[in-house]
Amino acid sequence: MCQLFINADSRLWTCRTKSLRIDGVVTSIRLEEFFWDILEEVAFRDQMTVNQMITKLYLESLDADHDIGNFTSFLRVCCSRYLSLVADGNLSREDAIPLNDIDATQVLEQEKLRTSVRKSQYIDTSLKSSLN
């Protein structure tokens with residue numbers, strides 16, 4: 001298992017800081033290259049620059065009254081959720097449909113159901129004992 005991670009391109013876990021302007025305020029965001037790569041993919045998919053997409057995420061988070069005190073963590077989770085939705089078959093990385101055009105309600109309901117099923121499997125002690 002570890003070889004999948006240990007022998008991966010070490011560039012992926014090096015950090016890069018990017019300066020950008022959000023709502024007229026200059027700020028900087030420090031993320032691992034892996035996350036910058038995913039943000040670039042998502043931004044490209046929605047025909048935006050990474051800066052435009054980050055600004056949009058920030059402003060939409062404010063509009064939704066989210067606590068974005070740790071916005072960098074929010075961006076990491078966005079990237080991870082995107083990849084999780086792809087892995088679960090809710091999205092396709094090859095699809096040219098912008099995320100803005102996807103029925104988010106339906107995708108979120110499918111994700112909620114899948115999460116519930118997974119959690120019930122992890123809690124099932126009889127299944128757990130058979131794995132050991």
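User: Buried means under 20% relative accessible area, exposed over 50%, partly exposed in between (1.4 Å probe, protein chains only). Which of these is cysteine 78?

Analyst: Cysteine 78 is partly exposed, because its relative accessible area is 25%. This is a predicted model: local features need pLDDT of at least 70, side-chain atom pairs count only at pLDDT 80 or more, and totals for chains, interfaces and linings use all residues. Residues are numbered from 1 along each chain as its sequence is written, and side-chain values use heavy atoms, without hydrogens or water.

User: How many disulfides are there?

Analyst: The count is 0 disulfides, taking cysteine sulfur pairs within 2.5 Å. For cysteine 78, the nearest cysteine sulfur belongs to cysteine 79, 6.9 Å away.

User: And cysteine 2, how exposed?

Analyst: Partly, because its relative accessible area is 45%.

User: Switching topic. Where is glutamate 33?

Analyst: In helix H2, residues 33–45. Helices are DSSP runs (H or I, at least four residues), numbered from the N terminus.

User: Why does glutamate 33 count as buried?

Analyst: Because its relative accessibility is 12%.

User: What does glutamate 33 touch?

Analyst: Beyond its neighbours within four places in sequence, glutamate 33 contacts Arg11, Leu12, Thr14 and Arg16. Contact means heavy atoms within 4.5 Å.

User: How do H2 and H3 cross?

Analyst: At roughly 90 degrees, with axes that come within 9 Å. H3 covers residues 50–63. Axes are lines fitted to C-alpha atoms over the stretch in contact, and angles run from 0 to 180 degrees between N-to-C directions. The two helices are therefore roughly perpendicular, a label for 65 to 115 degrees.

User: Which residues make that contact?

Analyst: H2 gives Trp36, Leu39, Glu40, Val42 and Ala43. H3 gives Val50, Met53 and Ile54.

Key:
Angles under 35 degrees count as roughly parallel, over 145 as roughly antiparallel, 65 to 115 as roughly perpendicular and the rest as oblique.
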